[in-house]
Amino acid sequence: MTTKRRKDRPGYQYRDRADGSRAHYWSPKRAVKGAPACLEARPIADDATDAQIADLCQRWTDELRGELNALDAKPVFDGTISSLIHLYRTDEESPYQALKQTTRKRDYDPMLRLIDKSVGKRIIKQLTGSDFRRWYREWSAKGLHTAHNAIRKLRTVLSYGATQRHPGCATAREILSLMEFAAPAPRKIKLEFDHAVAVIKMAMEMERPSIALTQALQFETALRRIDI
């Protein structure tokens, strides 16, 4: 995938398909010099307008630059949840460093961004159980799975802070340990053979053989998609 660089759409690339249509992408490595090689290109909807493509490329590039600048900054705990998350992600001794790259990318990082964006400015030593209950209700608007996962990640980050003896973390973590939150209901529908075949067929029609192969392996081996 190659295309002439344009200042209004940093990181933009496209690929012409066999049927004559064009697939649009945003490439982190093309958008920001020095971006980690593990970052993958993001697809852009086929029906996106030129203005929408430019907006996405600019926004994703700005977000990536912000994240890279934050990771390069010297970690300092200022009492906020945001600073604790930053330390958790950058400290060489943090449990975060032992996580697989795929686990960070698909599970931890999205949840940590959600927590940081919504409540990152809060001072940890001032938190009460009412704060955690309210946040769970607000996060539930994105689904119970999201809310439950966000609480789990918040517990993890506070546990890290407590082991580092950062003010307020041990107390906040203890409060969370005394609280219970509604867990997502168990799934009532399981993936059947016909479902897997339908996914594989659609993936091949969309020229995404990796998705088709992943679905086939997942159904036959019962492995998790993230592991495959």
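This is a predicted model: local features need pLDDT of at least 70, side-chain atom pairs count only at pLDDT 80 or more; totals for chains, interfaces and linings use all residues.
Some ground rules. Local features need pLDDT of at least 70, side-chain atom pairs count only at pLDDT 80 or more, and totals for chains, interfaces and linings use all residues. Residues are numbered from 1 along each chain as its sequence is written, and side-chain values use heavy atoms, with hydrogens and water left out.

Helix first. Helices (H or I, at least four residues) and strands (E, at least two) are DSSP runs, numbered from the N terminus.

Which residues of H9 are buried? Ala212, Thr214 and Gln215; buried means under 20% relative accessible area, exposed over 50%, partly exposed in between (1.4 Å probe, protein chains only). Down the axis of H9, the buried residues fall within an arc of 165°, so they line one face. The arc is that of the directions from the helix axis to the C-beta atoms. They pack against helix H8, residues 193-205, with contact meaning heavy atoms within 4.5 Å. On the other side of H9, Pro209, Leu213 and Glu220 are exposed. Ala222 follows H9, with a positive phi near 70°.

Now the sheet. It is open, with three strands in the order S1-S2-S3 and antiparallel pairing. Two strands pair if DSSP finds at least two bridges between them. S1 (12-16) and S3 (42-44) are the edge strands, each pairing on one side only. S1 and S2 (residues 22-26) pair over five bridges. Gln13 stands opposite Tyr25 in S2.
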